[in-house]
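Reader: I am new to reading protein structures. Can you walk me through one?

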Amino acid sequence: MWRYYQGESLWAQPLRMVHHVRFGPEWRNVVPEPQFIPDALAGRLPAVSWVVPPVPESDHPPYSMCEGENWTVRTLDAIMQGPDWPSTAVVVTWDDFGGFYDHVPPPHVDLYGLGPRVPALVISPWARPGFVDHATLEFSSVLKLIEDLHGLMPLAQRDAHAADLLEAFDFMQRPNTPLVLSERDCVLAR
């Protein structure tokens, strides 16, 4: 089971362009983003969730980075305070690189190649503390991780050949405890 918690913007709703999802029974899995925190706190998360923030909390200009950070803190706190935390892996990533210069040219892995590097964070009871992965990863790496953990076949060549993020985990370690954070005062942050 999966669920896509979507923000309110049209640009952040890619599943509306997938005909068999948009006009089929799977569309019931596309729900408003505000439903995520109650689902997380109540233990109603499916095996896989995608969560997209509302545009004003998306870290995109001209919106507040502080408000975006607070959205992320609220979202992660709900996961860590909910009953699903012991079996959860979170990958936080952004859809672009922020416009800063990158001295490393993107690899050309196929017709489209990869773009500039973007940050990603792996948060889990099973994440290796302080680990930095030096493998070439991409957005399809998240899909590859899901496929590997759930025994699923690849959807396409891109995810079939992607690295899977498994190096970021140690399933034999003592589980990391939740790190519940407080939101910042965005008025003071200005």
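Predicted model: local features only at pLDDT ≥ 70, side-chain atom pairs only at ≥ 80, totals over all residues.

Reader: What is the strand order in the open sheet, and which pairing does it have?

Author: Strands of a sheet pair through backbone hydrogen bonds, either parallel or antiparallel. Here three strands form an open sheet in the order β2-β1-β3, and the pairing is parallel. The edge strands, β2 (30-32) and β3 (48-51), each pair on one side only. On average, neighbouring strands are turned by 25° against each other, direction ignored.

Reader: Over how many bridges does β1 pair with β3, and over how many with β2?

Author: With β3, strand β1 (residues 2-6) has four bridges. With β2, β1 has three. Look at Tyr4. Its bridge partner in β3 is Trp50. In β2, Tyr4 stands opposite Val30.

Reader: Which way do the residues of β1 point?

Author: In a regular strand the side chains alternate between the two faces of the sheet. In β1, Trp2, Tyr4 and Gln6 point one way, while Arg3 and Tyr5 point the other way. Five of the five residues of β1 are buried, so the strand is largely enclosed by the rest of the structure.

Reader: What span should helix α3 have?

Author: Count 1.5 Å a residue.

Reader: Which residue reaches Cys66 at the start of α3?

Author: Ser64 does: one of its side-chain oxygens comes to within 3.1 Å of the backbone nitrogen of Cys66. Cys66 is buried, and other buried residues of α3 include Trp71, Leu76 and Met80.

Notes
Residues numbered from 1 in each chain as written. Heavy atoms only, no water. Helix = DSSP H or I, 4+ residues; strand = E, 2+ residues; numbered from the N terminus. Expected span 1.5 Å × (residues − 1). Buried < 20%, exposed > 50% of the residue type's maximum accessible area, 1.4 Å probe, protein only. Polar contact = N/O pair within 3.5 Å; in protein donor to acceptor, adjacent residues only side chain to side chain. Pairing = 2+ DSSP bridges. Axes fitted to C-alpha atoms, helices over the stretch in contact; angles between N-to-C directions.
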